[in-house]
Amino acid sequence: MSGGTLNLFIGLAMGLNLLALGSSRLPSLIRAVSLQGVLLGVMPLLLEHDTFDWRVVLVALATMVGKGLVIPGLLRRAMRAANVEREMAPFISYVPSLLLGAGGTIAAVALARGLPLLPEHAGTLLVPGAIASMLTGFILLIGRAKAISQVCGYLILENGIYLFGLLLIHSTPLLVESGILLDVTVGVFVIGIIVDRIQRAFDSLDTRKLTTLRE
Amino acid sequence: MPGPLLLFAFAALVTGIVVGVRMSRLWLALTVAGTTAGFGAALMVLLGAADWEWRSGFSLGDELVHLRLDGVSALFLALLCVVGGAGAVYAREYWPEKHYPASAPRGRVWWSALVLSMGLVLTVSNGLHFLIVWELFAICAFFLITLDRQRREVRAAGWLYLAASHAGTMALFAFFSLLAARTGSWDLPGPMRERADLSSLFWLVLAGFGVKAGVFPLHIWLPSAHANAPSHVSAIMSGVAIKMGIYGIVRFSGWLPVPAAAGWVVIGLGATSALLGIAFAFAQNDFKRLLAYCSVENIGIILVGLGAALLALTHGDAVWGRLALAGALLHVWSHGAFKALLFFGAGSVLHATGTREMSRLGGLWRTMPWTAGLFALGSLAVSGLPPLNGFVSEWLVYLGLFDAVTSKGPSAWAALPAAIMLAMAGAMAMASFAKASAMIFLGAPRTQAAAHAHECGMGMRAPMLMLAGVCVGIGLAPILFWPAIRRAAGSWCPGWGAEETPAPLVALGSVHVALAVLILAAAAWLWRKAHTNGLRRGMTWDCGYATPYARMQYVSASFAGIVSGWFRWILQPERKIRRPRGHFPEEALRLERVPETVLERIIGPVSAAIMRVSTTVRQLQHGRLQFYILYVVAGLIALGVLVLLGGAP
């Protein structure tokens with residue numbers, strides 16, 4: 001029963017990927033990311049468990065709070081501080097991004113079929129969902145110019161890695177899991193500060209204008 | 001005992017490095033004392049029977065320090081000490097604090113460091129330590145070459161030197177690493193001729209040390225570095241530093257087995273260097289560049305001798321090889337002495353007139369008789385004329401080659417062309433130095449600077465006189481130097497040290513003495529005759545013109561015109577000619593410049609092509625984060641595809 005629900009949730013997350021790719025407004029992009037974070041947070045609870053494991057509940061709670069509330073909150077603050085609402089002139093515009101994302105999702109499903117997976121994972125969408133999210137993250141990172149959109153891409157990429165991590169939730173120690181979460185939070189926090197500084201120094205968040213720092 | 005002497009020399013030079021900035025007198029005393037002590041140690045080893053060896057418990061880079069002074073290294077050490085001491089004395093007047101307040105103290109410190117590092121190159125007996133001191137030596141030389149670094153061409157010469165030197169060092173890194181890998185230790189225990197698997201390493205030795213020695217196609221750094229360095233630095237670079245390359249080749253061709261082709265290649269390289277080096281020298285207008293190219297020629301002569309020795313070794317240990325080797329080793333000393341003398345003389349001219357262009361000089365013998373006389377002596381020596389040292393050493397090489405030809409083995413096919421090429425090089429060397437001496441010292445002054453030249457002081461004259469004494473000494477009494485050469489040859493190949501003094505050498509010594517007496521008598525007679533009859537002084541080059549003037553004289557390009565025509569295929573001279581037109585021509589022009597052919601026509605274009613490719617590749621680094629991520633994704637996908645195709649788990 002929970003396998004079906006899990007697949008439903010992953011399917012939703014994959015849909016949110018496409019939404020993130022297709023949205024031009026930053027608030028809706030952040031909303032998609034935060035919703036995806038909450039969905040991902042619920043997933044550990046849906047996995048089949050023989051016994052009740054309080055650590056899994058802890059991971060789920062921390063993920064929901066971190067990805068659903070804290071990080072989006074930080075991003076919104078950065079957005080307000082920088083006074084940007086909309087991604088202007090992306091490298092890859094929205095329709096091609098959507099097409100690429102859709103193609104990537106199909107490819108991910110096809111690829112997952114070909115992978116030698118354990119039988120208990122073969123039925124779920126975990127692996128294709130993970131690959132699709134990572135691809136989406138990459139497309140956002142490559143295709144967007146504003147630093148905040150790139151942070152969102154980075155978050156979706158991380159969500160994909162998290163989905164992979166769910167395969168191993170029983171064997172990965174809690175410490176590692178929470179370490180990753182902490183990393184991401186700190187990373188976003190730092191990026192938030194940097195975004196603020198970039199805005200103040202250059203009066204723009206366009207990363208294309210930062211090319212002189214390459215040396 | 002050489003040990004305490006070497007320790008003293010080491011201590012004196014290190015103290016010289018420390019005090020050199022402030023106290024120039026103390027520095028001079030320390031340098032002279034240190035080099036004298038080093039010279040004494042080298043003589044003890046050369047004239048004694050035992051090598052000096054010291055294995056300490058002190059380790060550097062996890063390797064125990066192991067020093068050794070045997071015949072071969074003592075031979076080079078003696079040369080180093082003579083030129084190092086003479087140059088220090090010379091520098092005091094040539095590069096004084098008064099004119100160069102910033103660079104004179106720097107020059108003193110680097111001088112001591114250079115002499116010390118070269119001494120260490122000659123004594124260390126561990127591959128790793130050799131690389132360290134070799135690098136140190138290269139860097140000290142770089143800072144000495146760029147002593148006058150305000151000038152752009154000096155900096156360019158310095159960088160070129162450093163780049164070329166490091167290219168050579170790269171080969172040496174490969175050599176010592178492979179050697180250590182195959183023998184299992186960085187330590188250089190001595191002869192390893194029986195290890196046949198090491199023979200292929202000789203090519204790395206030849207390439208790595210060949211760059212430093214300035215063998216023909218690898219000589220690119222040499223002319224500009226020698227020409228642009230201060231003259232005392234040019235003297236030690238040309239007299240000693242390039243000999244370090246020769247030392248490396250001699251040392252490791254003696255310790256390691258060599259491939260069968262080594263003798264052929266070395267003799268071929270030597271003959272090519274000799275002929276082309278002197279062809280370039282003849283075409284130069286800058287007299288220090290001429291001297292620099294002449295060093296390429298002399299390195300060629302040394303290599304011909306060494307190549308003949310290697311041939312003899314691989315073809316049944318022939319006796320003629322010993323003569324050729326002795327000639328090569330003696331030529332190391334000869335060239336060191338007369339080339340340092342010539343560079344000191346060149347420095348004296350440069351000091352007095354401020355120009356290196358022969359076409360702006362002339363008539364200097366009136367104002368600078370000492371320099372003119374000593375330069376002429378050096379020119380005679382470098383041209384290989386009896387009764388001076390150049391003749392003795394070249395003659396030994398020739399004897400070796402002639403015996404190889406008459407022995408009718410396969411080696412004759414190498415020895416005959418080499419002898420012919422050496423003879424041509426010798427003739428052209430004479431022409432080159434006739435040109436240099438005539439352009440600089442004879443005729444009428446071509447410019448104001450040349451007319452107002454002044455003789456150098458005792459501080460510069462004394463080292464020149466000392467080196468001239470060495471040149472005459474080797475020329476008149478080669479017997480005295482034979483034991484040292486024999487000892488070095490014995491270190492190179494154990495069986496070759498027992499040789500008694502060859503009879504021709506004894507005869508040569510007495511012939512030279514007789515010749516010298518005759519020349520002196522003739523000179524005295526001419527002097528008397530000229531002074532009793534009275535001299536009529538007229539305009540030089542007064543060939544019946546109504547109003548002769550100095551610009552009618554031959555210039556260096558016209559002097560060398562015919563011969564540089566023969567070598568046009570390699571010299572590639574750039575000419576600009578405007579011929580006189582009409583019955584009353586108003587202007588005519590002929591400019592000629594000989595480029596650094598190897599550098600400008602081969603290395604330059606190749607480097608430019610590499611730079612173009614690199615610049616294109618560098619556009620990948622544009623600073624756009626998005627594309628960097630794209631590179632990462634593309635790389636990841638490529639890896640994934642690779643794994644999928646490879647069927648890895």
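Predicted model: local features only at pLDDT ≥ 70, side-chain atom pairs only at ≥ 80, totals over all residues.

Me: How many helices and strands does chain B have?
Reply: Helices (H or I, at least four residues) and strands (E, at least two) are DSSP runs, numbered from the N terminus. By that count, chain B comes to 25 helices and four strands.

Me: What is the radius of gyration of chain B?
Reply: The radius is taken over C-alpha atoms, and the globule rule is 2.2 Å times the number of residues to the power 0.38. With 649 residues, a compact globule would come out near 26 Å, and chain B agrees, so the value is 26 Å.

Me: How are helix 9 and helix 11 of chain B oriented to each other?
Reply: Axes are lines fitted to C-alpha atoms, for helices over the stretch in contact, and angles run from 0 to 180 degrees between N-to-C directions. Helix 9 (residues 231–255) and helix 11 (residues 287–314) of chain B have axes that come within 11 Å and cross at roughly 20°. Helix 9 and helix 11 of chain B are therefore roughly parallel.

Me: How many nonpolar residues are in the contact of helix 9 with helix 11 of chain B?
Reply: Two residues are in contact if their C-beta atoms, placed from the backbone, lie within 7 Å. Those of helix 9 of chain B include Ile242(B) and Ile246(B), and those of helix 11 of chain B include Ile299(B) and Leu306(B). Ala, Val, Leu, Ile, Met, Phe, Trp, Tyr, Cys and Pro count as nonpolar, Asp, Glu, Lys and Arg as charged, and the others, Gly among them, as polar. By class, this contact of helix 9 with helix 11 of chain B has one charged, four polar and 10 nonpolar residues.

Me: How are helix 10 and helix 11 of chain B oriented to each other?
Reply: Helix 10 (residues 262–283) of chain B packs on helix 11 of chain B at an angle of about 160°, with their axes 7 Å apart. That makes helix 10 of chain B and helix 11 of chain B roughly antiparallel.

Me: What does helix 16 of chain B reach from its first C-alpha to its last?
Reply: The expected span of a helix is 1.5 Å times one less than its number of residues. For the 30 residues of helix 16 (residues 412–441) of chain B, 44 Å is expected, and the reach is close to that, at 42 Å.

Me: Which peptide bond of chain B is cis, with omega near 5°?
Reply: Most peptide bonds are trans. For this one, look at the loop between helix 14 (369–382) and helix 15 (389–406) of chain B, where Pro387(B) lies. The cis bond runs from Pro386(B) to Pro387(B).

Me: Where is Asp62(B), and what is its phi?
Reply: Asp62(B) is in the loop between strand 1 (52–60) and strand 2 (63–69) of chain B. Its phi is positive in a residue other than glycine, near 65°.

Terms used: Residues numbered from 1 in each chain as written. Chains lettered and ligands numbered in written order. Parallel < 35°, antiparallel > 145°, perpendicular 65-115°, else oblique.
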